[in-house]
Amino acid sequence: MLRIVDNDPGDTAPEPRTRRLWTVCCVVFFLGPAMYGFGTKFYELVRVFQGDSTGAFAVTPIVNYLLAGCGFLMLFAWAARNGMFRDIERAKFEMLENEHKLDEIKNFAPSHTYAASSRR
Amino acid sequence: MSPPVLDTSTANEPLTDVDRLVDRRIVLCYYGAALTYMVISMLGGLLMALQLVRWNELQGIELLSPGRWRMVHTNAIAYGFLANAFLGTLHWTIPRLTMRPVLSKAFSYLIFAAWQVVVLATAGGILLGHAQAVEWGETPVWIDPVAQLGLLLVAINFMTPIMAARGPMYVTLWYFMAAFVWTFLTYAMGNFVPQYVVCGTNAGAIAGLFIHDLVGLFVTPLGWGLMYYFVPILLKKPIWSHGLSLVGFWGLAFFYPLQGIHHFLYTPIPMFLQYGAVISTIAVEFVVATVIVNFFGTLKGSGREVVTNLPIRWFYTGMILYGITCFQCALQVTLTFQELIHFTDWVVGHAHLVMFGVFSQWLMGIMTYLIPRLVGKPWYSRKLCEWHYWLSVVGIVVMFLDLTMAGLFQGWSWSSMRIWDHSTQVSEPFWIVRIFAGLSMFGGILVFIYNIYKTLAGPVEVIAAKAQPAV
Ligand code: HEM
């Protein structure tokens with residue numbers, strides 16, 4: 001019978017400060033300009049609705065985009081509420097642990113096989 | 001009832017239980033189909049390349065006319081090679097990441113069969129002249145509903161184990177989840193909206209979104225997701241920063257979908273929309289930078305692996321070419337640069353670089369790693385694996401440089417207002433070089449297929465369970 005695995009990775013080393021700083025910098029500098037792009041688009045959409053005749057062409061792609069964007073915003077909110085971003089580095093250790101466990105299973109991981117034939 | 005979950009806490013788990021988790025046969029079936037379509041696509045590419053130097057042995061046969069071969073070439077790659085290779089690899093990756101099998105094995109085989117029908121019908125439809133007038137959406141209109149249904153089934157089959165997994169999700173699963181939703185929506189948007197709902201410039205704008213979203217919301221998330229899985233596993237250490245990888249994911253989610261219009265700069269699509277696409281492209285450049293920084297951060301301290309570990313070499317070669325592709329994008333997206341390179345071979349070089357140089361090479365690396373595990377035998381020949389790598393890489397790099405230069409010469413010829421024939425004369429040497437570059441890539445694939453065949457035909461070797469990899 002198959003059972004559920006408890007994947008507690010145990011203690012993981014605390015994040016070094018520099019790395020956290022890096023992540024924050026990336027969020028600010030990478031997402032900042034992107035937010036600017038989004039804001040500009042939204043402003044243009046408002047203008048289209050206010051009667052810019054040439055802008056009528058643009059409504060379909062922008063509405064498409066806004067629908068997709070709203071969907072992702074909701075997903076983002078759901079993820080944040082459900083603790084997906086808490087202990088943010090944990091998942092990467094768990095993933096490796098699971099893989100290691102699977103590779104431990106007899107006969108399943110002929111990982112050496114690639115090199116075994118290197119003489120040819 | 002919740003789906004069965006594998007307990008891996010004991011090292012002596014019977015093999016059959018692990019096989020319940022990953023169905024290796026379906027992965028192999030997908031890889032077989034993918035490589036078959038790669039051969040067909042490359043034959044189509046070679047025929048097109050020969051046509052461009054006015055050597056067409058099929059002259060006069062309407063069914064095999066160059067325009068149709070060209071569409072077979074691109075569609076066989078997108079829906080035949082990439083989709084099949086991705087689907088096969090997902091059957092390995094998702095169960096191992098979630099520790100849960102996909103929804104249903106029978107379902108998996110049904111999807112496999114249905115997808116091959118879709119691809120074959122697309123090839124047949126194109127050759128018979130039924131192509132839909134949407135770039136990359138040439139799948140004939142009568143097969144679109146089947147393809148759409150197939151994508152829905154794919155999403156259901158894979159989302160079941162993902163949704164059942166608990167705790168904060170690894171970035172790969174975020175990418176996969178998004179890809180299933182995006183691909184379904186993108187396919188519907190590109191194939192049905194311009195066909196039945198809107199027309200004219202509006203349809204053009206939608207088609208622009210479709211071409212780019214297919215690359216960015218189907219191929220990119222699956223490719224990146226797979227790299228976030230395979231690179232740490234092969235390097236035996238976690239990704240440099242999981243937080244940064246999530247910044248990349250959410251950045252892609254919010255800022256990718258609007259940049260498709262950058263394919264249509266200088267068209268009658270309203271200028272503000274074109275500028276919007278330019279800005280969101282720049283935003284995505286930043287997002288891409290987070291991904292590249294993360295992978296090279298992970299490699300830090302393990303640089304030798306790139307020399308000794310062939311799958312890792314495939315991955316990081318793809319990564320470098322990815323950087324080059326994105327650098328090109330930064331140039332291409334400016335209106336000034338577009339003036340020079342639009343409609344030239346520069347774009348064709350760019351397309352080959354990203355489709356073959358990046359995503360196909362990542363998939364080749366994955367296959368090189370997985371095939372021995374799938375068949376339970378070592379590679380017949382490591383040397384042939386090396387040949388596969390070098391023929392492919394040399395081929396694509398030469399093709400990319402060659403077409404990039406061809407594009408510049410064509411652009412300069414057009415902008416100097418010389419007669420059209422001048423630009424084709426200038427292009428001819430480059431087109432000849434392209435044929436040889438293509439032959440090199442084709443040779444690589446043939447070598448790979450031969451190696452797989454010999455590996456399958458070889459004797460089963462008893463495998464020591466904990467032998468260390470020396471890849
Ligand atoms: C044997 C190797 C190959 C040769 C000789 C070749 C040749 C060609 C030719 C002649 C074209 C048409 C260019 C034009 O219309 O001016 C083309 C287009 C294209 N090929 Fe290939 N190709 C090869 C392999 C591949 C592979 C492996 C991929 C993807 C993984 C690929 C992706 C594409 C794409 C995306 C286009 C469309 C480019 C555009 O519309 O801008 N090709 N190829």
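Trp412(B) is partly exposed, with a relative accessible area of 47%, where partly exposed covers the range between buried (under 20%) and exposed (over 50%), taken with a 1.4 Å probe and protein chains only. The model is predicted, so that local features need pLDDT of at least 70 and side-chain atom pairs count only at pLDDT 80 or more, whereas totals for chains, interfaces and linings use all residues. Residues are numbered from 1 along each chain as its sequence is written, chains are lettered from A and ligands numbered from 1 in the order in which they are written, and side-chain values use heavy atoms, leaving out hydrogens and water.

Trp412(B) belongs to helix α14 (residues 382–415) of chain B, helices being DSSP runs of H or I with at least four residues, numbered from the N terminus.

**Surroundings of the ligand**

The ligand is surrounded by 24 residues, the closest being Arg70(B), His73(B), His352(B), Phe356(B) and Ser360(B); a residue counts as near if one of its heavy atoms lies within 4 Å.

| Side chain | Ligand atom | Distance |
|---|---|---|
| Arg70(B) | oxygen | 2.7 Å |
| His73(B) | nitrogen | 2.7 Å |
| His352(B) | nitrogen | 2.8 Å |

In chain B, α2 (24–52), α3 (66–98), α13 (345–375) and α15 (420–457) each contribute at least two residues to this shell, and α13(B) provides the largest share, 8 residues. By residue class, the shell comprises 14 nonpolar, 6 polar and 4 charged residues, with Gly counted as polar and with Asp, Glu, Lys and Arg as charged.

Definitions and conventions
A polar contact is a pair of N or O atoms within 3.5 Å; within protein, one must be able to donate a hydrogen and the other to accept it, and residues adjacent in sequence count only if both atoms are side-chain atoms.
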